[in-house]
Amino acid sequence: MMTKSAPPMFTDNGNGFDMTQAGVLLILGDMFYGNDPELTGAARTRTGEFVADILQAAATGGFKQADIFITMLTRKQRSARLGEMAQAASDAAGEQAYSEAMERFRRKDVDG
């Protein structure tokens, strides 16, 4: 059985990188669960809320590995499997949930 290949999560556009939804989930999840020391206060709260929103929508869409995904992020276990799980979570969450979570993330006041 052949599976559909996901697009690259990060694509160099010559002036930085374009990211897929899975790439954003992976980066923000890594910052939040990996305890990035530069992520503090309101930014930490907003990041955690975004990741939680996506993982909740993913669970609703049938993604059953959120606990494993979080554990791997917390333990800093970087692997192809982690990327595959980010893609699966993003696919299960869907475009609508991602757009809504991103809109909430952008609207919140950075200072609290």
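View 1. Helix α4 reaches only 32 Å between its end C-alpha atoms, whereas a straight helix of 28 residues would span 40 Å at 1.5 Å a residue (the expected span is 1.5 Å times one less than the number of residues). Helices here are DSSP runs of H or I with at least four residues, numbered from the N terminus. Look at Gly94: a kink of about 95° in α4 is centred there (the bend at a residue is the angle between axes fitted to the seven residues ending there and the seven starting there). This is a predicted model, in which local features need pLDDT of at least 70 and side-chain atom pairs count only at pLDDT 80 or more, while totals for chains, interfaces and linings use all residues. Residues are numbered from 1 along each chain as its sequence is written, and side-chain values use heavy atoms, with hydrogens and water left out.

**View 2. Helix α2 against α4.** Helix α2 (residues 41-60) packs with α4 at an angle of about 145°, and their axes are 7 Å apart (axes are lines fitted to C-alpha atoms, for helices over the stretch in contact, and angles run from 0 to 180 degrees between N-to-C directions). The two cross in a right-handed way (right-handed if the near helix is turned clockwise from the far one by less than a right angle, left-handed if anticlockwise). On the α2 side, the residues in contact include Phe50, Ile54 and Leu55, and on the α4 side they include Ala93, Ala97 and Tyr98 (contact means heavy atoms within 4.5 Å). This contact has 13 nonpolar, one polar and three charged residues (Ala, Val, Leu, Ile, Met, Phe, Trp, Tyr, Cys and Pro count as nonpolar, Asp, Glu, Lys and Arg as charged, and the others, Gly among them, as polar).

**View 3. Helix α3 against α4.** The axes of α3 (residues 66-74) and α4 (residues 80-107) come within 10 Å and cross at roughly 135°. That angle makes α3 oblique to α4 (under 35 degrees counts as roughly parallel, over 145 as roughly antiparallel, 65 to 115 as roughly perpendicular and the rest as oblique). The crossing of α3 with α4 is left-handed. Here Ile68, Phe69, Met72 and Leu73 of α3 meet Arg81, Leu82, Met85 and Ala86 of α4. Seven of these residues are nonpolar, none is polar and one is charged.

**View 4. Helix α1 against α3.** Helix α1 (residues 21-33) and α3 pack at about 60°, with axes 8 Å apart. This makes α1 oblique to α3. Their crossing is right-handed. Leu25, Leu26, Gly29, Asp30 and Tyr33 from α1 touch Phe69, Ile70, Leu73 and Thr74 from α3.

**View 5. Two loop residues with positive phi.** Most residues other than glycine have a negative phi. In the loop between α1 and α2, Asn35 has a positive phi near 55°. Lys76, in the loop between α3 and α4, has a positive phi near 60°.
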